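Here are my notes on this one, as numbered points. Have the model open while you read.

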Amino acid sequence: MLGRHAIVCGSSMAGLLTAGLLARHFERVTLVERDPLEDSAQPRKGVPQGVHTHILLRRGLDIAASIFPGLLEDLQAAGAQVMDMSADCEWHVAGIWRKRIHSGVSMYSQTRPLFEWRVRSRLAALPNVRILDGQEAASFLVSADGTSIRGLKIRAVGSDAETELEADLVVDASGRGSRTPQWMEGLGLPKVEETQLKVDVGYATRLYHRPAGFDPGWRALILSAELPRIRRIGAILPVEGDRWTITLGGWLKDYPPTDDAGFLEYARTLVQPHLYEVLRGASPLGPASSYRFAHSQWRHYERLPRLLERLVVVGDAYCSFNPIHGQGITTSALQVEWLGECLRQGMNTLARRYFEGAGSMLKGVWAMSTTEDLRLPELDGVRPMGSGLASWYGERFQRLTTKDDEAIQTFMQVMHMIKPPTAMFSPRLVLKTLMRQPVSSELARGPALPTQGEQQVA
Ligand SMILES: Cc1cc2nc3c(=O)[nH]c(=O)nc-3n(C[C@H](O)[C@H](O)[C@H](O)COP(=O)(O)OP(=O)(O)OC[C@H]3O[C@@H](n4cnc5c(N)ncnc54)[C@H](O)[C@@H]3O)c2cc1C
């Protein structure tokens, strides 16, 4: 045990994973959450993105399952759909339908509230964890010399009466709206630099009934963007309760509408007609929800010359990415995993060691996410040297992933953060990528369109 008490602020994915990890290192862990929490899979106010499709990358899922053994079984029992993202998924990318093979990368597909609820249930079952919901962090408690955190002031939502919680470690997992930069500045620490990339991405998501007899030969359908030419995406993913979550999205304020006619019309303009054809005959289970995401942001704690000892920031509070790339939960999980490594070395200089390592890990993920976005010439961001070449290679590599088994498997492993992006640069893959890439007529033609009849079998 490294200390008597640790506090985590925010009980979304980053906070839940952190609290699970800390329960192994501290006698007691307190998780402070502003929202009231129910023992069910409910969307909630503090996580407005929760109603939208969340792709859970395999690396993130594996880290979550290592913190909470039994989680995968819980998810499956609750109806999560386990599928191979290549074999089970019809995926249009780089102008072609990707060949479907067994990639060996299986994913769990469920609604975001279900995932969060199953993780929270596992956490709540730990004897040394206390979850304080309906309570919010109000400010830090600091040591007399101002160099180290010694706890958190919290208050019930809607009340001014503050309670002091002493702790040996405080972790901020309160998301993009985190107040840590302001609170640190208020204590005389330097301003936290922030990098932003404005993408103005919009999402619209709606749940649909998944008809029992519907079998067009795929379980999920993804229509990727091809920036800068094709700027809209669409996806159908199976989730628990015989449902589909269907999401449409676009960059640069090309927001999908949420009314019936507008949603359908947006789907009609996607790169292929398959999603539209499914939508035409599908039964919605409620209204569509929208989400507007203005910019990716990275608060550079790793650059601060002075830090508050015993304070760590994880998840979106540290760095949040364009959601279209599906990296948020897994990047949070990677930070939590790294925090575990740092804790194994003890509490001395923990904040410095954590932010240095997490900062260099974020460099890679930030590059993966923004290189793709920066294909849009309208985006005002720094294009690092060689980014044009990286884009060119990436595009050719994507084309290779439509037909070459090794490229497909490698891409899935890189996308799911199981392997680093350098895996796409093995000599053999570079050679294949640079060679001419004829496309089989079957891939060019693509899957048959689902018919209305197929959907009505239910
Ligand atoms: C539209 C959309 C789609 C996304 N899709 C994906 C995807 O496909 N795959 C993926 O991996 N990621 C996706 N993400 C990102 C993902 O949702 C986040 O990265 C993930 O939830 C981790 O966030 P977090 O836990 O750091 O913060 P958040 O999820 O923002 O949660 C912050 C928590 O802190 C609480 N809180 C805030 N302030 C206080 C306070 N003062 N005191 C106490 N509690 C507080 C809030 O109530 C909330 O519970 C998507 C994001 C968006 C916007």
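**Notes on the fold**

1. Let me start with a strand pair: strand S13 (residues 220-223) and S14 run antiparallel and are joined by three bridges. Strands here are DSSP E runs of at least two residues, helices are H or I runs of at least four, both numbered from the N terminus, and two strands count as paired if DSSP finds at least two bridges between them. Within this pair, Ile-222 has Ala-235 of S14 as its bridge partner.

2. Some housekeeping. This is a predicted model, in which local features need pLDDT of at least 70 and side-chain atom pairs count only at pLDDT 80 or more, while totals for chains, interfaces and linings use all residues. Residues are numbered from 1 along each chain as its sequence is written, and side-chain values use heavy atoms, with hydrogens and water left out.

3. Back to S14, on its other partner. Strand S14 (residues 232-239) pairs with strand S15 (residues 243-250) in the antiparallel sense, over eight bridges. Ala-235 turns up again here, opposite Thr-247 in S15. The two strands make a hairpin with three residues between them, and Gly-241 in the turn has a positive phi of about 75°. Seven of the eight residues of S14 are buried, where buried means under 20% relative accessible area, exposed over 50%, and partly exposed in between (1.4 Å probe, protein chains only).

4. Now the five-stranded sheet. It is open, pairs in parallel and has the order S7-S2-S1-S11-S17. Its edges are strand S7 (129-133) and strand S17 (311-313), each pairing on one side only. Neighbouring strands are turned by 20° against each other on average, direction ignored (axes are lines fitted to C-alpha atoms, for helices over the stretch in contact, and angles run from 0 to 180 degrees between N-to-C directions). Helix H9 packs on this sheet and touches S11 and S17, its direction making about 15° with that of S17; contact here means heavy atoms within 4.5 Å.

5. Strand S1 (residues 3-9) runs parallel to strand S11 (residues 169-172), with four bridges joining them, and Ile-7 stands opposite Val-170 in S11. With strand S2 (residues 26-33), S1 pairs in the parallel sense over six bridges, and there Ala-6 stands opposite Val-29. Six of the seven S1 residues are buried, so the strand is largely enclosed by the rest of the structure.

6. The other open sheet on my list has three strands, in the order S8-S9-S10, and pairs antiparallel. Strand S8 (135-142) and S10 are the edges, each pairing on one side only, and neighbouring strands are turned by 30° on average, direction ignored. Seven bridges join S8 to S9, with Val-142 opposite Ile-149. Strand S9 (residues 149-156) and strand S10 (residues 162-166) share five bridges, and Arg-155 stands opposite Glu-162. Their hairpin has five residues between the strands, with Gly-158 at a positive phi near 90°.

7. On the cores: a nonpolar core is a set of buried Ala, Val, Leu, Ile, Met, Phe, Trp, Tyr and Cys residues joined through side-chain atoms within 4.5 Å. The largest has 118 residues, and Leu-22 and Phe-115 have the most contacts inside it. Its largest share, eight residues, comes from helix H9 (residues 350-373). Leaving aside neighbours within four places in sequence, Leu-22 is in contact with residues including Ala-6, Val-29, Leu-339 and Leu-343.

8. Twelve of the 17 are buried, among them Leu-339 and Leu-343. Just after H8, Gly-346 takes a positive phi of about 100°.

9. Last, the cysteines. A search of the whole structure finds zero disulfides, a disulfide being a pair of cysteine sulfur atoms within 2.5 Å. For Cys-9, the nearest cysteine sulfur is that of Cys-319, 18 Å away. Cys-9 counts as buried at 13% relative accessibility, and Cys-89 is buried too, at 2%.
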